[in-house]
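User: Could you walk me through this one slowly? I'm new to reading structures.

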Amino acid sequence: MKRHILAGCSLAFALASPAWAQETQTEKEAARDVLAKMAALETAIDVPALVRAMTAPDAARDGVAARARALMDAELLALSDDLCTHPEIGYKEARSVETLAAVLRAHQFDVKIGAAGFDTAFVARYRQNNGAPNLGVIVEYDALRGTTGAFHGDQHCAQGPVGIAAAIAVAEYLTKNKLPGSVTVFGTPAEELLEPSAKTVMHEAHVFDGMDVIVRSHASTQTSRPAPGFGTCCLNIDGVKYTFSGAPAHQMTAWNGRNALTAVIHLFDNIDAVRSNMRPEARIQGIITEGGAAPNVVPDRTQADFYIRYPDEVYLRQVREWA
Ligand SMILES: [Zn+2]
């Protein structure tokens, strides 16, 4: 069996209650280094003071938020519906990108489609950008892969419109008040595919250079308001590909072969068997991408793709070792 880890994404800080994933002393001990790093960062940038400043009454901020909401109501909710009903999977989001780019151009952004070698990445800079500080807004727009076609099941069709509403509202505010600052919207393709990781490639190609802060929104199915401070907002993901090798034989003389399909079926059964020993936040799901070529041939090669998710990378590593 060959096990190949495709990628590990570790987007794991945002406004949420700190480190809820570690409840027992053993877990806290295992995650000690990660928690210490988060605590140091939280102290270094004085999160409580930031929260106090950002949540105090502020008419200007409320005005920007009201403008973003007005943009959503006037045109961007309709844009979201349009993207939802025209789903495109990762790296094929040409129509979605053209649609988002047209809206950005209409709101005074220069849009360059294509970045870091990806045809469906884009960079949109506000025409009246005025130096630092530089705000970057990341938007995603790819749909999920279904057996009968693409579909939007992870709210990515809303993500562009929400990000664009925020970008326009902040950019207009800076211009109207003659304040220094710049707003750039980054279109990042294929969030639902692990390899290649588009944002990593774009980062390594210096697409995000110059940004002081980069934000991204992602809708979820529940309304919540987490406590301020660093915590775990997102599940870390390991994409793992399992390949089994056997030996082919005709079905009538199957004893001359070695059945790789049996192995992949055991993999699924064994993972199910250890699920009850895992913490409930773990998500392990896989598909068989290769199951053999013909029913009269003993399959000599099978393959399964799994996504293994857990909030913190320490426990995720343990889960992956069990799987
Ligand atoms: Zn998503």
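Predicted model: local features only at pLDDT ≥ 70, side-chain atom pairs only at ≥ 80, totals over all residues.

User: OK, is strand β4 mostly covered or uncovered?

Analyst: Strand β4, residues 134-139, is mostly covered, with six of its six residues buried. Buried means under 20% relative accessible area, exposed over 50%, and partly exposed in between, using a 1.4 Å probe and protein chains only. Strands are DSSP runs of E with at least two residues, numbered from the N terminus.

User: And which way do the residues of β4 point?

Analyst: N134, G136 and I138 point one way, while L135, V137 and V139 point the other way, and all are buried.

User: Which strands pair with β4?

Analyst: Two strands pair if DSSP finds at least two bridges between them. β4 runs parallel to β7 (residues 182-187), joined by six bridges, and N134 has S182 as its bridge partner there. β4 also pairs in the parallel sense with β8 (residues 213-216) over four bridges, where the partner of I138 is R216.

User: Switching topic, what holds the zinc ion?

Analyst: Its protein donors are D154 (OD), H156 (NE2) and H218 (NE2), lying 2.1 Å from the zinc ion. Donors are N, O and S atoms within 2.8 Å of the metal (3.2 Å for Na, K and Ca), and sites may look incomplete because water is not among the atoms.

User: Why does D154 count as partly exposed?

Analyst: Because its relative accessibility is 23%, whereas H156 counts as buried because its value is 1%.

Definitions and conventions:
Residues numbered from 1 in each chain as written. Heavy atoms only, no water.
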